[in-house]
Amino acid sequence: MSEITRRMFLSAGSGIAGAILLAPEVFAASVRPRRPRRPRIYTRSEWDAAPPRRKATVTDHPPDRIVIHHTATANTGDTSLEAAFRLSRAIQRHHMRRNGWDDIGQHFTVSRGGYILEGRNRTLPAIEQGKLAVGAHVAGHNSRALGIETEGTYIDELPTKAQLNALVALVAWLCATYRLDPQKAIIGHRDLNATACPGDRLYGYLGRLREDVARRLGTVRSSAARLAVAEEPQPALVEPGDGEEPAEPEPGLIRPVGRKDRDGRTGDDAPEGPRGRCPAAGDGPERLS
Ligand SMILES: [Zn+2]
């Protein structure tokens with residue numbers, strides 16, 4: 001019996017029968033997660049980020065959601081580190097110059113080559129303190145959600161193997177640091193806003209991502225316990241009328257086809273953009289270059 005399995009039995013008290021009856025919170029708390037090492041993250045100074053207009057607000061609480069996006073840019077074959085740096089600079093320019101935001105919106109970007117780049121200013125120091133640098137990537141939820149942009153468009157295909165591996169490493173480190181249950185914390189952008197982001201294929205892969213992260217943390221549930229969890233009513237992810245405003249205007253990167261920007265704020269409640277683009281993501285490689 002492995003160490004993890006033995007501990008599960010001990011904490012469940014009566015073995016499998018006990019595990020089935022455990023609420024997910026109790027179960028997650030009963031298995032001490034491993035603390036995966038922080039993966040290599042290329043910092044803002046490494047990719048030569050511009051200074052933000054204003055420093056990001058840092059919350060006094062951890063995020064409760066990790067939101068997966070796609071950048072809706074080309075699925076480029078250029079998997080170099082320099083390409084990853086260029087992409088981050090382009091997205092930052094786009095968010096600051098065209099959207100008028102204070103800084104790049106997301107907290108991390110995972111490139112086609114599997115490189116992980118820091119996004120929003122103050123992201124890494126905030127995480128080390130168990131807090132969140134408020135970004136601009138998911139309308140109405142920025143003070144509770146950390147955002148990861150996956151470079152590419154994942155409507156018809158999956159990210160590269162290197163990207164998927166990097167996502168597991170990054171999200172496992174985040175879940176361990178923030179003590180989040182991957183089964184609940186990992187969501188797609190479309191779970192919170194009207195958008196096709198992160199694309200059907202990547203969205204469909206999120207279950208596998210949750211499992212891979214749980215395995216990395218050593219908190220993967222037995223199939224019996226998973227069954228019990230699946231039968232539980234899940235709380236709605238979007239609380240209607242929670243009154244929470246984005247930390248800064250999110251005019252939306254992509255205007256829906258045929259819709260005019262009436263008041264400079266199309267993004268927050270805008271319906272899905274063309275080709276399932278993410279309002280916080282890029283505007284296509286032609287615009288980002
Ligand atoms: Zn998105």
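## A sheet with helices packed on it

Let's start with helix H6 (residues 161-178), which lies across strand S2 (65-70), strand S3 (108-110), S4, strand S5 (145-150) and S6, running at about 155 degrees to S3. Helix H8 (residues 200-217) packs on the sheet too, touching S2, S5 and S6, and its direction makes about 175 degrees with that of S6. Helices here are DSSP runs of H or I with at least four residues, strands are E runs of at least two, and both are numbered from the N terminus. Axes are lines fitted to C-alpha atoms, for helices over the stretch in contact, and angles run from 0 to 180 degrees between N-to-C directions.

Two notes before going on. This is a predicted model, where local features need pLDDT of at least 70, side-chain atom pairs count only at pLDDT 80 or more, and totals for chains, interfaces and linings use all residues. Residues are numbered from 1 along each chain as its sequence is written.

**The sheet**

The protein chain has ten helices and six strands. The six strands make an open sheet with mixed pairing, in the order S1-S4-S3-S5-S2-S6. At its edges sit strand S1 (41-42) and strand S6 (186-188), each pairing on one side only. Two strands count as paired if DSSP finds at least two bridges between them.

| Strands | Sense | Bridges | Example of facing residues |
|---|---|---|---|
| S1 and S4 (residues 116-118) | parallel | two | Ile-41 and Ile-116 |
| S2 and S5 | parallel | six | Arg-65 and Ala-145 |
| S2 and S6 | parallel | three | Val-67 and Ile-187 |

How many residues of S2 are buried? Five of its six are, so S2 is largely enclosed by the rest of the structure. "Buried" means that 20 or more other C-beta atoms lie within 10 Å of a residue's own; with 12 or fewer it is exposed, and in between it is partly exposed (C-beta atoms are placed from the backbone).

H6 and H8 pack at an angle of about 60 degrees, with their axes 9 Å apart. That makes H6 oblique to H8, since angles under 35 degrees count as roughly parallel, over 145 as roughly antiparallel, 65 to 115 as roughly perpendicular and the rest as oblique. On the H6 side, the residues that meet H8 include Leu-167, Val-171 and Cys-175; among their counterparts in H8 are Leu-209, Val-213 and Leu-217.

The largest nonpolar core has 50 residues, and Leu-170, Val-171, Ala-172, Cys-175 and Val-213 have the most contacts inside it. H6 gives the largest share of this core, eleven residues. A nonpolar core is a set of buried Ala, Val, Leu, Ile, Met, Phe, Trp, Tyr and Cys residues joined through C-beta atoms within 7 Å.

Leaving out residues up to four places away in sequence, Cys-175 touches Leu-180, Pro-182, Ala-185, Val-213 and Leu-217. A contact, or touch, means that two C-beta atoms, placed from the backbone, lie within 7 Å.

**A buried loop residue**

Finally, take a look at His-141, in the loop between helix H5 (123-128) and S5. Is His-141 buried or exposed? His-141 is buried, because 24 other C-beta atoms lie within 10 Å. Not counting residues up to four places away in sequence, His-141 touches Arg-65 and Leu-192. His-141 and Leu-192 are 51 residues apart along the chain, yet their C-alpha atoms are separated by 7.9 Å.
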